[in-house]
Amino acid sequence: MRQQHGSHRSTGGNRSRRRGVWLVGLIAAGLAVTATANEGLQDSLPPITGIHEVAENLYLLANADPDDQGAWTGGNTAVWITDEGVVLVDTKLAGYGQAILERVREVTDKPVTTIINTHTHFDHAGSNTEFPDSVSFVAHENTATQMARAECGPVTGCDAFKGENRKYLPDRTYADRLSLFSGRDRVDLYHFGRGHTNGDTLVVFPAVRTMHTGDLYPWRGLPFVDVEGSGGSAVDYGATLNRAVAGIPGVETVITGHINTPVGWSDFEEFADFYNHLADAARAGLYAGRSAEETAADYAVPARFRGYDADPETVLSIMQHIHAGR
Ligand SMILES: [Zn+2]
């Protein structure tokens, strides 16, 4: 498990290891699809090792760090217990539906009634189709469109929603903001524009001052910007983060896409600054008539972002996207 603060990770090897894990994840997702037809294979998936209380009636199913290959189960899943039933935010890789339900039963007898997906990716919506079809699925309207696409990019996960499984596509969508439930049960969904994908949702539980960011804030390092697969934008990403920082009131605790333990609101603000620092450097290079390659080669992470991953390949990739206006 990664330390919350004071990480001493190098800036090169970890990231390439992470990219390798994306591939392993794709294979795991494929295995899990097979596993629904072959129960034995499901046992080979790493377990969800616990259900962790974040606040009253809010829990976290972690094992979310893709650097920890042997324990990775997909992105963080939040479990919110309301009067009416249980709300989940994200469903990890395919093959984890039953394991999620078993963990939820350790803290409540209430049924899962609502699943919110922060975005379309296979490691965040992978087990949607393993829940009862009485569940209401909620996502941003662009994420619903991504999930329903005829042709699926490699990490979109949209192959899972074909044929019979179309009934697991979102039945409730929104454009900018949506509130579900009332009183202490209330959940606020926010979309501030393109970033990791074109349908990223930030999920806020106001009663406990906590937010789940999905992969808009994935880890302490440069994000994967899914430009080709899911309509993400390296150009817009920084402004989207800034709008979220300015536009979401009252949050103290933040569940990220892939850090195993909750962090603070100031970590989210710092991540926004970290991304914008790189994006500003990319634009400065562009205006100075320098290539993305030249600008990336000169980029250094400032000391105030010590411990953040910024490997040269991801720096170059984001700078190329920005130079190309993507
Ligand atoms: Zn993602």
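Two residues are taken to be in contact if their C-beta atoms, placed from the backbone, lie within 7 Å. By that criterion, and leaving aside neighbours within four places in sequence, Leu88 is in contact with Thr77, Val79, Ile100, Val112 and Ile115. The structure discussed here is a predicted model.

**Nonpolar core**

- The largest nonpolar core comprises 72 residues. Leu88 belongs to the group with the most contacts inside this core, together with Val79, Ile116, Val203, Tyr275 and Ile318.
- Helix α7, which spans residues 265-287, gives the most to this core, contributing eight residues.
- As a general background, nonpolar side chains tend to be buried together in soluble globular proteins.

**Seven-stranded sheet**

- Seven strands make up an open sheet with mixed pairing, in the order β1-β2-β3-β4-β5-β6-β7.
- The edges of this sheet are β1 (52-55) and β7 (172-174), each of which pairs on one side only.
- From one strand to the next, the twist averages 25°.
- Strand β6 (residues 136-140) pairs with β7 in the parallel sense, over three bridges. Within this pair, Ala139 is placed opposite Thr173 of β7.
- In general, the strands of a sheet pair through backbone hydrogen bonds, either parallel or antiparallel.

**Six-stranded sheet**

- Another open sheet has six strands in the order β8-β9-β10-β11-β12-β13, and its pairing is mixed.
- Its edge strands are β8 (177-180) and β13 (263-264), and each pairs on one side only.
- Strand β9 (residues 187-190) is antiparallel to β10, and three bridges connect the two. Asp188 stands opposite Val204 of β10.
- On strand β10 (residues 202-205), Leu202 and Val204 point one way, whereas Val203 and Phe205 point the other way; all are buried.
- Strand β11 (residues 210-212) runs antiparallel to β10 and is joined to that strand by three bridges. His212 of β11 is the bridge partner of Val203, a residue also listed among those with the most contacts inside the largest nonpolar core.
- β10 and β11 form a hairpin with four residues between them. In the turn, Arg209 has a positive phi of about 50°.

**Crossing of helices α7 and α9**

- The axes of α7 and helix α9 (residues 312-323) come within 9 Å of each other and cross at roughly 55°.
- The two helices are therefore oblique to each other, since that class holds the angles that are neither roughly parallel (under 35 degrees), nor roughly perpendicular (65 to 115), nor roughly antiparallel (over 145).
- The crossing in which α7 passes α9 is right-handed.
- On the α7 side, the contact is made by Leu278, Ala279, Ala282, Arg283 and Leu286. On the α9 side, the residues involved are Val315, Ile318, Met319, Ile322 and His323.

**Surroundings of Asn242**

- Asn242 lies in helix α6, which covers residues 234-247.
- Asn242 counts as partly exposed because it has 17 C-beta neighbours inside 10 Å, whereas a buried residue would need 20 or more and an exposed one 12 or fewer.
- Not counting residues up to four places away in sequence, Asn242 touches Ala272 and Asn276.
- The C-alpha atoms of Asn242 and Glu269 are separated by 8.2 Å, although the two residues are 27 residues apart along the chain.

Terms used: Residues are numbered from 1 along each chain as its sequence is written. This is a predicted model: local features need pLDDT of at least 70, side-chain atom pairs count only at pLDDT 80 or more; totals for chains, interfaces and linings use all residues. Two strands pair if DSSP finds at least two bridges between them. Axes are lines fitted to C-alpha atoms, for helices over the stretch in contact, and angles run from 0 to 180 degrees between N-to-C directions. A nonpolar core is a set of buried Ala, Val, Leu, Ile, Met, Phe, Trp, Tyr and Cys residues joined through C-beta atoms within 7 Å. A crossing is left-handed if the near helix is turned anticlockwise from the far one by less than a right angle, and right-handed if clockwise.
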